[in-house]
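This report is meant for someone meeting the structure for the first time.

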Amino acid sequence: MLYGAECWAVTQHAEEILATTQRRMERLMVGATLLDRKSNEWLRGVTKVKDVVEEARKRKARWAWNIARMDNDRWAKIINEWCPRYKKRPLGRPRTRWRDSITKKLKTQRWLAKARRESKQYWIDTLGAPYVTYRKANK
């Protein structure tokens with residue numbers, strides 16, 4: 001289920017779909033249905049399966065740390081920093097890029113320099129933690 005998760009440009013909607021799919025698979029493993037009204041915590045306790053969204057975030061953080069420490073001639077680093085300028089941008093909001101979640105979480109565009117200074121475990125713990133989002137109440 002997490003094959004290639006390091007390279008995903010995951011949106012909040014995609015994370016919700018991943019979590020829903022995982023809960024459905026866990027219900028199938030246990031033999032429970034939605035009509036049984038078992039809680040998600042109960043399912044997680046019975047199956048002892050790691051959270052897919054959390055694991056995907058950790059894998060992405062680990063890969064970002066590896067990219068930051070790569071030499072400048074490695075293709076993964078070159079592609080990560082590549083920006084095509086020969087083409088006209090399409091109308092509308094830009095699609096989510098792979099590095100957008102990292103820059104949003106760290107609140108800086110200079111995440112490569114920051115990753116080089118930090119230890120691997122600190123970096124994974126920082127980026128692997130859930131995002132805190134606040135929604136404005138409609139008045």
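A salt bridge is a side-chain nitrogen of Lys or Arg within 4 Å of a carboxyl oxygen of Asp or Glu. By that definition the structure, which is a predicted model, holds six salt bridges.

## The chain as a whole

Along its principal axes, the C-alpha trace spans about 55 × 40 × 30 Å.

Of the 139 residues in the chain, 28% are buried. The accessible surface comes to about 11,100 Å², and carbon and sulfur atoms account for 53% of it. Among contacts between residues at least 6 apart in sequence, 61% join residues at least 24 apart.

One of the salt bridges is formed by the side chains of Arg57 and Glu15, with a distance of 2.9 Å from N to O. This pair links distant parts of the chain, since Arg57 lies in helix H3 (residues 52-69) and Glu15 in helix H1, 42 residues apart.

Are the two partners buried or exposed? Arg57 counts as buried because its relative accessibility is 14%, and Glu15, with a relative accessible area of 14%, is buried as well; the cut-off for a buried residue is under 20% relative accessible area.

## Other charged pairs

Asp51 forms a salt bridge with Arg44, and the closest N and O atoms of this pair are 4.0 Å apart. Asp51 counts as partly exposed because its relative accessibility is 26%, and Arg44 is also partly exposed, with a relative accessible area of 28%. Asp51 and Arg44 belong, together with Glu26, to a network of salt bridges.

In another pair, the side chains of Arg97 and Asp100 meet in a salt bridge, at 2.9 Å from N to O. Arg97 has a relative accessibility of 43% and so counts as partly exposed.

## A buried arginine without a salt bridge

Which side chain of opposite charge is nearest to Arg27, and how far away is it? Arg27, which has its place in helix H1 (residues 12-30), is buried yet has no salt bridge, and the nearest side chain of opposite charge is that of Glu26, 7.4 Å away.

When residues up to four places away in sequence are not counted, Arg27 touches Ala32, Thr33, Leu34 and Leu43.

## A nonpolar patch on the surface

Met29, Val30, Trp42, Val46 and Val49 form a nonpolar patch on the surface, and together they have about 400 Å² of accessible area. Helix H1 and helix H2 (40-47) each supply at least two residues of this patch.

Val46, one of the patch residues, lies in helix H2. Val46 counts as partly exposed because its relative accessibility is 42%.

Note on methods: Residues numbered from 1 in each chain as written. Predicted model: local features only at pLDDT ≥ 70, side-chain atom pairs only at ≥ 80, totals over all residues. Heavy atoms only, no water. Helix = DSSP H or I, 4+ residues; strand = E, 2+ residues; numbered from the N terminus. Buried < 20%, exposed > 50% of the residue type's maximum accessible area, 1.4 Å probe, protein only. Lys, Arg positive; Asp, Glu negative; His and termini not counted. Contact = heavy atoms within 4.5 Å. Patch = residues over 30% accessible without salt bridge, like charges linked within 9 Å, V, L, I, M, F, W, Y side chains within 5 Å. Areas by Shrake-Rupley, 256 points an atom, 1.4 Å probe, with all protein chains shown as cover.
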